[in-house]
Amino acid sequence: MRKPLFAVIIILNLFLFTTINRVGAAENQETNRKVILISFDGMKNDYTKKYVKENKLPHIKQLLDNGVSAKKPSTITPSLTAPSHAAIATGAAPNQTGIVSNHWHEPNKTLGNDDSGFQEEIQVPPLWVEARKQGKTTATIAFPGANPKDGKQGDYSIYFEKTWSPSNLESLTFTKAAEWVHPPKSFTPLQEAELTIKIENERDQLIHILAIDSTDDQQPNYDTFILSQDKKIDPNDSIVKGKQWGSLSLQINDRQKAGFWFKMKADNQDHTLPISLYRTEVTSSLISGPEGFADEIQEEFGFYPAQDDGTALKKGWITRKEYEEISTRFVMWVTKVALYIKQKYNPDLLMFYTPQIDHEQHKYLLIDPRQPGYSPEKSKQYMSYIEWSYRLADKVVGETLKSLNDNDYLFVVSDHGMEPAHSTLSPNKVLKDAGLLTVDQKNKINFTESKAYAIPSGSAAHVYINLQNREKDGIVPIEEYESVRSQIIQAFKEVEIKYKKGEVIQYDMKAIMSAIKTDNFSFNKVQEHVKDFWKHLFKQKIHPYEKVMKNTNTNKTLLDHQNSGDVVLIGAPGYVMGSGFVKNVSPPIELGTHGGDADRNMLRPVFMAIGTDFYKGKQINSMSNLDITPTIYDLLELNVPSFVEGKKIKGIYKDKNGYKPSQ
């Protein structure tokens, strides 16, 4: 009896073991979801809908038709890039991430210090770190907050390092060439020039340029150029013909590679006069990954290119077309690198970022008659530049959609929208007039004698009190803290500004009619513009500092963190904050701004997603950028950290093949 019984037990165990393994394998297969998240900095919810309606964004339309989107997505206040991306990456607000602005002042430093939200470490673990801890493979490409220098990057991470040298328009004088090794044939005697690039805190880079006449037309016609660092023609050199773009990699020091792109701007092909060479800034990246990964990326895709060059465009060094080529090169470099990593290394989570929409809207959002230089013709021209940036984003979406597999989920999001700026506010002028900020004989701020100082960023500003035992060289005793803060608050609440009523009413009426005529009619949006209309019709003055708030432990809507100012200022629509202290109001330092109250319609971001378990063509009403991370935690079936404030987005899942998302 024992042998048959023993055999039955073995058979049952084998059966159960096989069944359990099959179930486990099925579960692993079911949870083998991959998430790709693209953030388009500054992509406006209203403009995206407008361009889709006009059939200008075919790939984003495809995404909307086959996925889910939000009608009224919201970001955080202040609606700035660094804190908003920290919220997307963590599901936590600035009082936990510590990223309270794009720029702020840290305690225990002199009052005038300025810390960058793009270089500081997020103080709670971002999604890619938590996912990695829980056994997932993660990758981040140019994503704000994913800086490898902090040691909290993904398994595969690429981030901007620094600009080693600014862009320039170089003047080249050519002379007879000598001592080149293996030069190509030239129908006119070879000529050469030299270019020295000054590198920050490193040795200068000497570039030799060889000019070649490759056309047998009996005329001096230098149409080909070789850039070399050693006059030895080899694959490391850059060869370009005519006015084509070229690039050259540089070895900055023993460990760091960088590079620049360039274009010859010569019209006199006989070189009887000096000719110009435009070059981008010299840039490099931080690359983190397994052994050999950095070399692989640089060999496959080259150095991390410049994002854009607005300075060169403004100075006339490059054309608008060339400017767009520079920006497109960066955006597509990031996209191609990200999708290469996706295909080769198959990460569970891939997050990447492009900035071109934000850049264009800051410079060209000219839609308000109150803005200096406004005209319908100029507005139309500027809007074409903004439209270009959205079309480029659409190209990125198209390339990503083509790369998706059956188990991939794509999220397309933005950090904030953008609104037109017609005026610059100077909070430090208010502090100066209130006797809280002092200047020396050279008309520079005297930080050791000032009681308070404001650090602006977009439409927001943080005001810091120069408190003893908290700030280096602090002068305000702790017993005077509340009275000084009350003085600051009162000073900003009393600021009033007159405005030209005719222009304002004209703008309000145009905004009301535009909101009524749109296919995406929103009663709340119309109501918002009507309120502005009546307010401007009967009031002669407005308070440009829309919100003047204390930083206290009891007000969780505020930035309850040591990096935050003792008083936080949020500008009214149309106002951007500046660092000057001469005039209370001056022309705008930029045409598009953000950082204001996240409830304003123009500041709404975008949210779109596609995947097997998501509805097709469904639009939910609202969600927050804080909700993106917990939704991805849910998709990847990871434990959600306790600091996460957002909630899984409701209404986007469908029940398919027995999969029921966790509640």
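Start at Asn55. This residue sits just after helix α2 and takes a positive phi of about 60°. The model you have open is a predicted one.

Step back into α2 itself by selecting residues 45-53. Which residues of α2 are buried? Color Asn45, Asp46, Tyr47, Thr48, Tyr51 and Val52: these are the buried ones.

**Next stop: α4**

Select residues 81-90, which form helix α4. How many of its 10 residues are buried? The count is 10 of the 10, so α4 is largely enclosed by the rest of the structure. Click along the helix to see them. Thr81, Ala82, Pro83, Ser84 and His85 are among the buried residues. Ala86, Ala87, Ile88, Ala89 and Thr90 are buried as well. Now move on to Gly91, which follows α4. Gly91 has a positive phi, near 75°.

Two packed helices are described by the angle between their axes and the distance between the axes. Keep both in mind for the next two stops.

Select α7, residues 293-301. The α7 and α9 axes lie 11 Å apart, at an angle of about 125°. That angle makes α7 oblique to α9. The crossing of α7 past α9 is right-handed.

Show side chains where the two helices meet. From α7, pick Phe293, Glu296, Ile297, Glu300 and Phe301. From α9, pick Trp333, Lys336, Val337, Tyr340, Ile341, Lys344 and Tyr345. What is the makeup of this contact by class? Eight residues are nonpolar and four are charged, with no polar ones.

**Next stop: α9 against α10**

Which residues meet here? On the α9 side, select Arg320, Tyr323 and Val331. On the α10 side, select Gln356, His359, Glu360, Lys363 and Tyr364. This contact has three nonpolar, two polar and three charged residues.

**Last stop: the whole chain**

Zoom out and show everything as a cartoon. The chain has 16 helices and 31 strands. It runs to 663 residues, and 56% of them count as buried. Switch to a surface view. The accessible surface of the chain is about 29,900 Å², with 50% of it belonging to carbon and sulfur atoms.

Terms used: Residues are numbered from 1 along each chain as its sequence is written. This is a predicted model: local features need pLDDT of at least 70, side-chain atom pairs count only at pLDDT 80 or more; totals for chains, interfaces and linings use all residues. Side-chain values use heavy atoms; hydrogens and water are left out. Buried means under 20% relative accessible area, exposed over 50%, partly exposed in between (1.4 Å probe, protein chains only). Helices (H or I, at least four residues) and strands (E, at least two) are DSSP runs, numbered from the N terminus. Contact means heavy atoms within 4.5 Å. Ala, Val, Leu, Ile, Met, Phe, Trp, Tyr, Cys and Pro count as nonpolar, Asp, Glu, Lys and Arg as charged, and the others, Gly among them, as polar. Accessible areas come from the Shrake-Rupley method with a 1.4 Å probe; for residues, only the protein chains shown count as cover. Axes are lines fitted to C-alpha atoms, for helices over the stretch in contact, and angles run from 0 to 180 degrees between N-to-C directions. Angles under 35 degrees count as roughly parallel, over 145 as roughly antiparallel, 65 to 115 as roughly perpendicular and the rest as oblique. A crossing is left-handed if the near helix is turned anticlockwise from the far one by less than a right angle, and right-handed if clockwise.
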